[in-house]
Amino acid sequence: MSDVTEEQPPETAKKRGRRQWIWMGAIAVTALVTFGLTMLLLNILERKTEAHAPYTPVVQLDETTVDPAIWGRNFPIQYEQYLKTEEFTPSKYGGASLEPHTPTADDPRTEVPESKIEQDPRLKDMWAGYAFATDYRHARGHMHMLDDQRYTLRVTQFDQPGTCLNCHASTVPVMQELGDGDIRKGFDAMNKMTYEEATKLADHPVTCIDCHDPETMKLTITRPAFMDGIKALKASEGIENYDVNKDATALEMRTYVCAQCHVEYYFKGEDKTLTFPWAKGIDIDDIWDYYQEDGHVDWTHKTTGAKMLKAQHPEFDIWSSGIHAANGVSCADCHMAYQREGAHKVSNHQITNPMVDANASCGTCHKADSDEMKRRVEVIQDRFVHTRDVAFDALVALIRDIEKGIADGVDEAQIDLAREYQNKSSFYIDYVYSENSYGFHAPDYTQRILSDALDAARKGQLALRGASAEELAASDITEANKERFGEESAAREQ
């Protein structure tokens with residue numbers, strides 16, 4: 001027993017030593033974990049603080065701040081991206097390259113986009129006698145929008161109204177100046193001016209001030225034409241007194257700011273007031289009916305004598321009938337896809353073709369890889385071009401038949417009826433030709449439009465052979481189907 005007792009103290013001392021090291025290690029680990037968690041929480045707090053402070057105000061902005069470079073001092077990332085709109089982005093159908101251009105006193109540009117009317121001479125037949133038959137080119141980035149308008153032959157060789165400036169320049173300061181601070185008065189004054197007079201007042205293409213409130217940075221509508229147009233459209237849907245800057249949601253504004261310009265429009269009356277034809281609805285048939293009631297005519301066709309309508313660039317109008325609009329996907333979601341810059345989520349202000357980065361634009365919703373998404377888009381566009389070409393050939397054939405009918409002395413009433421069908425076929429083809437998605441924004445809807453255009457060309461040719469408007473009207477079965485299935489579609493939408 002004595003031997004055992006004598007051996008216990010050294011063994012106990014060793015155990016005590018181990019326990020002390022364990023406790024010290026535990027304390028050290030706890031201290032390290034606590035320090036790590038504290039640093040992590042501080043980092044999270046810092047990032048949250050950064051996220052709540054959307055920008056660092058280096059300069060004060062107000063409604064007179066037009067130069068985007070000044071806005072860029074507060075928003076350097078967005079400004080750097082905006083400058084990239086100067087870069088040309090080639091695509092399969094949207095223009096493959098720029099053409100060299102010899103500068104002149106009337107046109108100082110050294111490069112210009114490819115000519116659409118040289119690539120497709122049928123456009124000259126469709127627009128014979130109108131300025132677009134002289135010069136019509138592929139679009140390029142926002143940085144070029146003012147110069148490409150100022151120096152197109154449509155402006156240098158034809159008299160154009162100040163109304164044209166609405167969508168190609170930063171017109172907020174122009175309207176403020178002309179209206180003594182009242183944008184609507186300035187809008188009316190600018191419309192009445194000649195383009196030559198109005199363009200002298202503009203210093204920049206569309207910039208930050210045209211879409212953002214300089215105090216809150218919220219998206220805002222600055223174009224009276226869209227304010228009136230969307231109000232009329234909402235009224236046609238049963239929503240009265242709609243004020244877009246008060247009633248639109250944040251998501252809607254991510255499309256509406258683009259729709260200030262990317263729409264169908266016309267110049268109304270002697271004052272050339274920029275007007276969106278949406279009072280009866282935004283479907284092309286509603287727009288066509290609106291024009292028929294309004295009696296608006298853009299020009300008289302040079303070879304057939306038909307009274308014609310010119311479609312513009314109805315991206316918003318067509319998108320509104322597409323699957324993306326139905327699912328709440330805005331213009332900005334695809335053309336200004338979000339990207340991460342540090343703690344911030346930034347809309348890409350390069351405003352470019354979504355296929356430049358299909359993962360960013362499509363990958364938010366679609367799980368297919370970039371190559372697969374590009375293939376899907378091209379399949380839609382290939383089918384669109386095929387149907388468009390079939391319809392376009394039919395329109396040109398109708399134009400040739402009317403020309404021949406005039407020369408052969410065909411009855412004037414038959415010629416007039418054929419002219420009416422020429423106008424409809426031309427407007428429907430022009431509507432999708434001038435829309436820059438090549439059928440992608442609403443594939444099924446676009447195919448329907450081209451089908452109607454083809455039908456109008458066919459009816460025009462039959463009219464020259466003596467068929468009456470009554471004989472060419474839709475059958476009772478077709479009308480019954482419209483009523484039946486139209487009601488069912490309306491019920492599904494509600």
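Biologist: How many residue pairs are in polar contact across the interface of domain 1 and domain 2?
Modeller: In this predicted model, the rule finds 22 residue pairs in polar contact across that interface, both residues at pLDDT 80 or more.

Biologist: Which elements of domain 1 supply at least two residues of the side that touches domain 2?
Modeller: They are α5 (122-126), α14 (284-294), β6 (307-308), α15 (315-319) and α16 (323-326). The largest share comes from α14, with 5 residues.

Biologist: What is the make-up of that side of domain 1, in nonpolar, polar and charged residues?
Modeller: The side of domain 1 that touches domain 2 has 18 nonpolar, 12 polar and 12 charged residues.

Biologist: Why is the pair D382 and K92 called a salt bridge?
Modeller: The closest N and O atoms of D382 and K92 are 3.0 Å apart. The cut-off is 4 Å between a side-chain nitrogen of Lys or Arg and a carboxyl oxygen of Asp or Glu, so the pair qualifies. Across the interface of domain 1 and domain 2 the rule finds 7 salt bridges.

Biologist: Where do domain 1 and domain 2 lie in the chain?
Modeller: The domain assignment gives 68-353 for domain 1 and 372-491 for domain 2. Their centres, taken over C-alpha atoms, are 26 Å apart. Domain 1 brings 42 residues to the contact and domain 2 brings 39.

Biologist: What area is buried between domain 1 and domain 2?
Modeller: About 3,700 Å², with carbon and sulfur atoms giving 58% of that area. On the domain 1 side, Y93, R122 and I284 supply 20% of the area buried against domain 2, more than any other three residues.

Note on methods:
Residues numbered from 1 in each chain as written. Predicted model: local features only at pLDDT ≥ 70, side-chain atom pairs only at ≥ 80, totals over all residues. Heavy atoms only, no water. Domains from an automatic or database assignment. Contact = heavy atoms within 4.5 Å. Buried area = accessible area lost by both parts, 1.4 Å probe. Polar contact = N/O pair within 3.5 Å; in protein donor to acceptor, adjacent residues only side chain to side chain. Helix = DSSP H or I, 4+ residues; strand = E, 2+ residues; numbered from the N terminus. Nonpolar A, V, L, I, M, F, W, Y, C, P; charged D, E, K, R; others polar.
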